[in-house]
Amino acid sequence: MKYMLMMHAPRGTGDWQALGWKPEDLKAHINFMMRLNEDLVRSGELVGAEGLAGPDQARLVRAGKNGTPAVTDGPFPEAKEFLAGYWIVDVEGADRAYQIAARASSAPGPGGVPLVIPIEVREVMAGPPPTDS
């Protein structure tokens with residue numbers, strides 16, 4: 001079963017708070033994430049993972065006239081959190097996805113203190129939901 005694990009980071013004063021961390025704290029955080037990804041590759045569970053650019057680079061796109069893109073700039077001040085990155089894992093079931101999410105949530109922040117970042121876990125659908133016919 002595939003699951004998408006989405007890391008939601010607090011906005012702080014507008015961008016990701018990590019940009020203001022001490023270099024050694026940011027390095028420890030990145031190293032933690034790299035080890036997590038390496039472990040998931042070794043176990044054969046990692047399908048893909050990416051960190052995302054900050055909310056200042058986010059754009060909303062809708063279909064405009066004649067299907068041309070209508071682009072709205074971010075950031076979105078009403079949002080208290082933003083999607084910082086994600087993993088797609090292929091695991092036995094939800095419990096394993098939750099274990100991985102909990103590990104990702106405990107990534108170190110300033111001073112090595114675990115951040116306890118919220119990780120949204122959602123199953124990747126293999127097809128459309130069944131319909132009652």
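This is a predicted model: local features need pLDDT of at least 70, side-chain atom pairs count only at pLDDT 80 or more; totals for chains, interfaces and linings use all residues.
In what order do the 4 strands of the open sheet stand? I looked that up before anything else. The order is β2-β5-β1-β6, and the pairing is antiparallel. From one strand to the next, the twist averages 20 degrees.

Residues are numbered from 1 along each chain as its sequence is written, and side-chain values use heavy atoms, with hydrogens and water left out.

**Entry: overall layout.** I get 2 helices and 6 strands for the protein chain. They are DSSP runs numbered from the N terminus: H or I of at least four residues for helices, E of at least two for strands. Along the sequence the pattern reads β-α-β-β-β-β-α-β. I boxed the C-alpha atoms along the principal axes and got roughly 50 × 40 × 20 Å.

**Entry: strand pairs.** I call two strands paired if DSSP finds at least two bridges between them. Strand β1 (residues 2–10) runs antiparallel to strand β5 (residues 81–90), over 9 bridges.

**Entry: helix α1.** I checked Lys27, which is found in helix α1 (residues 23–42). Is Lys27 buried or exposed? Lys27 is exposed, because its relative accessible area is 56%. My cut-offs are under 20% for buried, over 50% for exposed and partly exposed in between, with a 1.4 Å probe and protein chains only. I also took the C-alpha separation between Lys27 and Pro108: 9.8 Å, for residues 81 apart along the chain.

**Entry: contacts and surface.** What share of the contacts between residues at least 6 apart in sequence joins residues at least 24 apart? I get 73% for the protein chain, taking contact as heavy atoms within 4.5 Å. Of its 133 residues, 27% count as buried. The chain exposes about 8,800 Å², and carbon and sulfur atoms supply 56% of that. The areas come from Shrake-Rupley with a 1.4 Å probe; for residues, only the protein chains shown count as cover.

**Entry: charges.** I counted Lys and Arg as positive, Asp and Glu as negative, and left out His and the chain ends. Each charge was placed at NZ of Lys, CZ of Arg, CG of Asp or CD of Glu. The 13 positive and 17 negative charges have mean positions 5 Å apart.

Key. Axes are lines fitted to C-alpha atoms, for helices over the stretch in contact, and angles run from 0 to 180 degrees between N-to-C directions.
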